[in-house]
Amino acid sequence: MKAAARSLFAERGIEGTTVRDILTVAGEKNGASLNYYFRSKEELIRELTVDVFRLMDDRWNAQLAELDRQGRPLDIRDYVRILVTSSDTSDVEDEPTTARLSEAITHHRYHLVREILKEHRLNAYDVILGRIAALMEDMPRPILRQRLLLLTRYLSSVFALYEASRASNAQPRSVQLPQGADLGNLVDTAVGILTAPVVDANPGED
């Protein structure tokens, strides 16, 4: 049932998927099955949120540990590369849904995501953003906060679109990405979001 829900939420979004849809795809004839196993659609969403962000947290932590083991000075690009290379989960999922699912959950249940990250101590993403922020001390804080948010939305959207194109066996040029580890242009553009000159800004109160 969780697999059916993941697939449907990734394809149709959370609000576009009904309990009946999930039961049908899961092959459940008993209309009360979802309530029996998960109590409600919202509890099912909560479980899937834990699964998705635990997977990503493990990936981020593993790459952070590897980066720290290298024992060299680190820069913004190092941390952005972790976010980029971790976002494509095709290496661990036969039919990847994590990018679209995390995009849908974050968009429609942002407060749930923050609650679960805190409850389960899934803090690797915040650690990465914190390290990036520490390397950008000269940028006004309000501008930096906005750019970190833009970075998050950019990568989340790009990989959700990329995953969707692969799931439908289409490769629209707008979301076509290189295969394998050569994601340098995506890293470049993500770094550019963070480091572009502040030309016209009113940072306001810090």
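In this predicted model, helices α5 and α9 lie roughly parallel to each other, because their axes meet at about 25° and angles under 35 degrees count as roughly parallel. The crossing of the two helices is right-handed.

**The α5–α9 pair**
- Helix α5 spans residues 76-87, and helix α9 spans residues 141-167.
- The axes of α5 and α9 are 10 Å apart where the helices pack.
- On the α5 side, the contact is made by L83, V84 and S87.
- Helix α9 contributes L151, L155 and F159 to this contact.
- By residue class, the contact of α5 with α9 holds five nonpolar residues and one polar residue, with no charged residue.

**Secondary structure of the chain**
- The protein chain has ten helices and zero strands.
- Read from the N terminus, the order of elements is α-α-α-α-α-α-α-α-α-α.

**Burial and surface**
- The protein chain has 206 residues, and 42% of them are buried.
- Its accessible surface is about 11,800 Å².
- Carbon and sulfur atoms account for 50% of that accessible surface.

**Contacts along the sequence**
- Among contacts in the protein chain with a separation of 6 or more, 73% are between residues 24 or more positions apart.

Technical notes: Residues numbered from 1 in each chain as written. Predicted model: local features only at pLDDT ≥ 70, side-chain atom pairs only at ≥ 80, totals over all residues. Heavy atoms only, no water. Helix = DSSP H or I, 4+ residues; strand = E, 2+ residues; numbered from the N terminus. Buried < 20%, exposed > 50% of the residue type's maximum accessible area, 1.4 Å probe, protein only. Contact = heavy atoms within 4.5 Å. Areas by Shrake-Rupley, 256 points an atom, 1.4 Å probe, with all protein chains shown as cover. Axes fitted to C-alpha atoms, helices over the stretch in contact; angles between N-to-C directions. Parallel < 35°, antiparallel > 145°, perpendicular 65-115°, else oblique. Left-handed = near helix turned anticlockwise from the far one by under 90°. Nonpolar A, V, L, I, M, F, W, Y, C, P; charged D, E, K, R; others polar.
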